[in-house]
Every structure is written in structure tokens, then in C-alpha cells.
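I set out to look up the main features of this structure, entry by entry. The notes begin with the surface and then turn to the sheet, the hairpin, the aromatic rings and the core.

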Amino acid sequence: MSTPSSTSSFSPSPSPRRTAYISRNTSETKVQVSLSLDGGPLDLLPADGSNFINDGLRPPQNQTAKTHASQITFSQQIWIWTGIGFLDHMLHALAKHAGWSLRIRCNGDLEIDDHHTTEDTFLALGTAFTTALGPRSGITRFGHAYAPLDEALSRAVIDISSRPFFVGNFGFKSPMMGTLNTQMVHHGLGSWTQNAGVTLHVDVIKGDNDHHRAESAFKALAVACKMACGRVVGKEGEIVSTKGVL
């Protein structure tokens, strides 16, 4: 009589993609975020009821049009428009290297400054992150990465801990990068940390150029996020904590 093989031809069903759609509306901004932590296709963002103005700052209605922060590939769909070009560039880098598919549209009060738009975009993205992640079970939980960009080098360390805490050291030399105030990099990531429910340390170790310093920081964060969000085979449903909860 034959005995069962030690290896089975059975293949478990692939895990469902972790996705979320968030709409955050205030008197200052209207932000929409569609996120898949596992990449893949995303539906277009629904109309947000705004009166679109063709002033170069407000998002275009056509989400299939190529923009400065859009990239559609077989594995990822990225389309971002906040009206702040440098912020879009950083969010594009974050999504790309984290393996996310991400659509963001923000209509903000840029006639005032960049503060509300940056803050609310990161708050909405943080909410989308924790919603998509779900119960925080079966994941690596911790992630770390170094990322260089030419002369700049950054380190990011993240713990999906449900204990929001952010420490960032960027050392920017100029007050602005494009139309983004350099203070808003720290404030934006701190806002994301609060709503994402993570402990995050980001340090720019060296670098002469502020653009390079910022971009290497976002790339390091992206790779750290990808590691921390990774599913651990055999740990499905388990919480990686001595407390038994996160």
C-alpha cells in the first residue's frame, strides 16, 4: 500500500490583498486615499464633489493621464496629486519601494500654505495603512532599512506596535524644497505615524543635498515598511507580541 508523500501538491489559496479606501474631508482639505499594501490594480478614485480649477495646483479629473507622480506597471498602480510637487515625489517614492499601489488626491487650501495639505494627506494615508493592515497578525512587525541616494544615506526603523511614536532627524539646510516647507517632512511623517499606529525612527545619516536627504529617508522608510508588513508563513493569525495583543 502506498504511503502519502511528504510533500503535497495542495497549494493554499493566496492571501487576499490588504486594501483600504479613505476619504477625509475638513473645511481645509479634501483628501482621498486608495491603498493596497500588496500592489496590484486599484479602482479610480470617485469624484469628491470639488470644483476642479485648472490652475496647475488642483488635481486633474483624468486619473489615467500621465502626471509627474504617476506610474502604472503590471504589479503596481501609483497616481498622486496633492498640489505640492515635492510632496507628490516623496509619496511616489514611498509607494514604489514599499511595493504599494496607491492613489491620492488632495484638494487643499494651498492659497494659505502647504501645512494643512501635507498634514491631512499623511493623516489620511496613516488611516488607510492601519485599515488595510487589519488585525496586525501574521506579520513580521519590525522592519529596518538603509537607503542611499548619491552622497546621502538614511536609516529607517519601524515597529507596527499600535504605540504611535516618531523620532526624525533630517538636518535640512534650506527652508524649502520646491513648494514644500522642510519642516513639513518631520510633521508629515509624525502625522502618518499617529494614524498608522507605528513606532518610527528615521535618521538622515549624511548628505549635502536636501532633495537627496529627503528622498533617501522616504526610500528607507518604504523598504522598512515592506519588511514589517511582510506576511510570515506558518504564523497566520498569530500576534507577534509577548502581550498577545497589538
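**Entry 1: Surface and overall make-up**

I looked up the accessible surface of the chain, which comes to about 11900 Å², with 54% of it belonging to carbon and sulfur atoms. Accessible areas come from the Shrake-Rupley method with a 1.4 Å probe, and for residues only the protein chains shown count as cover. I note that this is a predicted model, in which local features need pLDDT of at least 70 and side-chain atom pairs count only at pLDDT 80 or more, while totals for chains, interfaces and linings use all residues. Residues are numbered from 1 along each chain as its sequence is written, and side-chain values use heavy atoms, with hydrogens and water left out.

I found that 52% of the 246 residues of the chain count as buried (under 20% relative accessible area; exposed is over 50%, partly exposed in between, with a 1.4 Å probe and protein chains only). The secondary structure comes to four helices and 11 strands; these are DSSP runs numbered from the N terminus, helices being H or I of at least four residues and strands E of at least two. Of the contacts in the chain with a separation of 6 or more, 71% are between residues 24 or more positions apart. Contact means heavy atoms within 4.5 Å.

I then followed an open sheet of four strands, whose order is 6-7-11-8 with mixed pairing. Two strands pair if DSSP finds at least two bridges between them. Strand 6 (142–149) and strand 8 (165–169) are the edge strands, each pairing on one side only. From one strand to the next, the twist averages 10°. Axes here are lines fitted to C-alpha atoms, for helices over the stretch in contact, and angles run from 0 to 180 degrees between N-to-C directions.

Strand 7 (residues 152–159) and strand 11 (residues 199–206) run antiparallel and are joined by seven bridges.

**Entry 2: Strand 2 and its partners**

Which strands are joined to strand 2 by bridges? Strand 1 (residues 19–25) runs antiparallel to strand 2, with seven bridges between them, and strand 5 is joined to strand 2 by eight bridges, again antiparallel. Strand 1 and strand 2 form a hairpin with three residues between them. Strand 2 (residues 29–36) is mostly covered, seven of its eight residues being buried.

I traced Val33 to both sides: Ile22 stands opposite Val33, and in strand 5 the bridge partner of Val33 is Ile104. Ile22 itself lies in strand 1 and counts as buried because its relative accessibility is 14%. Leaving aside neighbours within four places in sequence, Ile22 is in contact with Val31, Gln32, Val33, Ala124, Thr127, Ala128 and Thr131.

**Entry 3: Aromatic pairs**

I counted four aromatic pairs (rings of Phe, Tyr and Trp, the last by its six-membered ring, with centres within 6.5 Å; planes under 30 degrees apart are stacked, over 60 edge-to-face and the rest tilted). Trp100 and Phe129 form a tilted pair, 6.2 Å centre to centre with 50° between the planes. Trp100 lies in the loop between helix 1 (85–98) and strand 5 (101–108) and Phe129 in helix 2 (residues 115–133), so the pair ties together parts that are 29 residues apart in sequence. Both Trp100 and Phe129 are buried.

The pair of Phe170 and Phe172 is stacked, because the ring centres are 5.5 Å apart and the planes stand at 5°. Phe170 counts as buried at 6% relative accessibility, and Phe172 counts as buried at 19%. Trp100, Phe129 and Trp192 form one aromatic cluster.

**Entry 4: The core**

Which residues have the most contacts inside the largest nonpolar core? They are Val33, Leu35, Trp100, Phe129, Phe170 and Trp192, in a core of 59 residues. A nonpolar core is a set of buried Ala, Val, Leu, Ile, Met, Phe, Trp, Tyr and Cys residues joined through side-chain atoms within 4.5 Å. Helix 4 gives the most to this core, with nine residues.
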